[in-house]
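Plan: look things up piece by piece and jot down what turns up.

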Amino acid sequence: MADLIEALAEIVGKANVLTEDADTAGYLVDWTNRFHGKVQAVVRPATTQEVSRVMKLASETGTPVVPQSGNTSLVGSGTPDAQGRAILLSLSRMNKIESIDAINDTMTVEAGLVLEKAQQAAKDAGRLFPLSFAAEGTACLGGCLATNAGGTAVLRYGNMRDLVLGIEVVLSDGRVLNMMRGLRKDNTGYDLKHLFIASEGTLGVITRAVVKLFALPQASFTALAGVGCVQDAARLLELVKSKAGPALTGFELMQAKCIERVGQTIDSVSVPGDVSSAPWWCLIELSYSREPGANPLESILEEAFEKELVADAFLANSVKESRAFWAIRESIPSADAHVGGNLHNDVSIEISDMADFVDEALEALSKRYEWIDSSVFGHLGDGNLHFNIGSVPPELAFENEEGIRETVYACVQAHNGSISAEHGIGQLKRKHFLALKDPLELEVMERIKRALDPKGILNPGKLLRDDVCA
Ligand SMILES: Cc1cc2nc3c(=O)[nH]c(=O)nc-3n(C[C@H](O)[C@H](O)[C@H](O)COP(=O)(O)OP(=O)(O)OC[C@H]3O[C@@H](n4cnc5c(N)ncnc54)[C@H](O)[C@@H]3O)c2cc1C
């Protein structure tokens, strides 16, 4: 072990090989405080060359490597196991913006760049980098790529897979796969970058990327619309899509009780009024690259009232009010955490099936456990809900975790959905993923893993079976 630490220090400098508990502690626990791990060292390279040398050393010594960027994973995917054999490779020092090309509409970045900084740099250049979600002040581009992060504007701009044109990856043996191309068209064989996107650090270490930029919206309009059921929310989505076309940027769904809970527990967020008039609320955002004149949401919501799709609505009259509406949506996880319990599910269902799924899953859960206290919210426009389950009292949810997941996932399966829309598999969902994924799909994934990481050193204990590379 002393030899390995010395060799690592020779590559990245002694100050960037952390071995003391006080220095490593923050890297070894996940955001939810559920997964805790141990390592020989946390290694903080500053260049691709250093990552390459670290990986070569790890490959030669058979040392497991856990890549980590912002450590905001909600499924324990960037946390090492408890054996203490691994090194944790933190990309946080590789945080430069290398260039912005306003003609090609691209930005070239290092993988440890914090998402919020990428957004700001694009804005300063008069452009938009549209990936946005509540952890954007900590999550980094490398982590966003390795998890194919989504967020609040996927409906219009797509998720990370849609926002990237090129990446650079250090392979498990230290060789550098340079695919740093800013091309929107490139049909020269397999598009290998997509293998690494959503691979959760199990196939290679992403070190740099070329991402897409867009026109900065000049005007945006936000509303909260109360509806009687999820089916009406889906119909409202259809109406807004048909009226606003590509201007529709976000369409989120929240249970009224989620909003009430935010109002009761988060002092910094205010709720615009009484939301008890409807059990579900849609947060709608339209954005335009040119000022459209009158607020288009006014006429759309008027039509929705006439069709009896909407029971109540609040329109944001200023940027400040629009931010306040989004703050409600983004504060739901924190409000739920105040109450306790709260088991996260992150499901993907075809939008046309969403209402049936929600009804069936809530009914199946309350039949099995009368103390269920759900918190259902998320990106309805993308067919993705955070179907979170709390309980009264809070400890019951975690005591019955297996049964709850079994019940929700059975409904997901019945609708041909996915048990992870955007958070990934990590450690939290590995058992269910291995049990539910199509065996042939799993076999193909395992073959790819063996081809790219034959010694099985990259992020063991996540996603695939432990013995894939044995
Ligand atoms: C409050 C909150 C809200 C969130 N909302 C959303 C949301 O709306 N949408 C969404 O998609 N996610 C969301 N997340 C989840 C999380 O923020 C994302 O998964 C994010 O993309 C992780 O980025 P990170 O830099 O923190 O990655 P980490 O947590 O450090 O790592 C995540 C995974 O990627 C791997 N990895 C990290 N960097 C690299 C690299 N350079 N090369 C190879 N592998 C790497 C790790 O090994 C790990 O498997 C949320 C999280 C929180 C805490």
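This is a predicted model: local features need pLDDT of at least 70, side-chain atom pairs count only at pLDDT 80 or more; totals for chains, interfaces and linings use all residues.

**Entry 1: K449 and its partner**

I looked up K449, and at 7% relative accessibility it counts as buried. Its partner is D453: the two form a salt bridge, with the closest N and O atoms 2.7 Å apart. D453 is buried too, with a relative accessible area of 0%. While on charges, I noted a network in which salt bridges with shared partners join K257, R261, D336 and D373.

**Entry 2: other salt bridges**

How many salt bridges does a search of the whole structure find? I got 27. I picked out E303 and K307, whose side chains meet at 2.8 Å, N to O. E303 is partly exposed, at 21% relative accessible area, and K307 is also partly exposed, at 49%.

Then I turned to R405, which forms a salt bridge with E401, the closest N and O atoms being 3.0 Å apart. Both residues are buried. They lie in helix 15, four residues apart, about one turn of the helix. The spacing makes sense to me: an α-helix has 3.6 residues a turn, so residues three or four places apart point the same way.

**Entry 3: helix 15**

That pair sent me to the helix itself. Helix 15 covers residues 401-414, 14 residues in total. From first C-alpha to last it reaches 20 Å, close to the 20 Å expected at 1.5 Å a residue.

Which residues of helix 15 are buried? I listed E401, G403, I404, R405, T407, V408, Y409, C411 and V412. What do these buried residues pack against? My list has strand 16 (346-348), helix 13 (354-368), strand 17 (372-379), strand 18 (384-391), helix 14 (395-399) and helix 16 (430-436).

**Entry 4: cores**

I404 came up again when I checked the nonpolar cores. The largest one has 59 residues, and I404 is among those with the most contacts inside it, along with L236, I284, L286, F357 and F387. Helix 9 (residues 230-244) gives this core its largest share, seven residues. Apart from this core lies another, of 34 residues, which includes A118, L128, A139 and A209.

Leaving out residues up to four places away in sequence, it touches L343, N345, V347, F357, V358, A361, L362, L365, S375, V376 and V408. V408 is one of the buried residues of helix 15.

**Entry 5: domains**

The domain assignment gives domain 1 (2-90), domain 2 (97-215) and domain 3 (219-414). I took the centres of domain 1 and domain 3 over C-alpha atoms and got a separation of 38 Å.

**Entry 6: cysteines**

How many disulfides are there? The count comes to zero. I checked C140 to see why: its sulfur is 7.5 Å from the closest cysteine sulfur, in C144, too far for a bond. C140 is buried, with 4% relative accessible area. C229 is in no disulfide either, the nearest cysteine sulfur, that of C282, being 10.0 Å away. C229 is partly exposed, at 30%.

A reminder to myself: most residues other than glycine have a negative phi, and most peptide bonds are trans. With that in mind, I noted a cis peptide bond between V392 and P393, omega about -5°. P393 sits in the loop between strand 18 and helix 14.

N416 has a positive phi of about 55° although it is not a glycine. I found N416 in the loop between helix 15 and helix 16, and at 68% relative accessibility it counts as exposed.

L463 is another non-glycine residue with a positive phi, near 60°. Its place is in the segment after helix 17 (439-452). Is L463 buried or exposed? At 10% relative accessibility, I put it down as buried.

Terms used: Residues are numbered from 1 along each chain as its sequence is written. Side-chain values use heavy atoms; hydrogens and water are left out. Helices (H or I, at least four residues) and strands (E, at least two) are DSSP runs, numbered from the N terminus. The expected span of a helix is 1.5 Å times one less than its number of residues. Buried means under 20% relative accessible area, exposed over 50%, partly exposed in between (1.4 Å probe, protein chains only). Contact means heavy atoms within 4.5 Å. A nonpolar core is a set of buried Ala, Val, Leu, Ile, Met, Phe, Trp, Tyr and Cys residues joined through side-chain atoms within 4.5 Å. Domain bounds come from an automatic or database domain assignment. A disulfide is a pair of cysteine sulfur atoms within 2.5 Å. A salt bridge is a side-chain nitrogen of Lys or Arg within 4 Å of a carboxyl oxygen of Asp or Glu.
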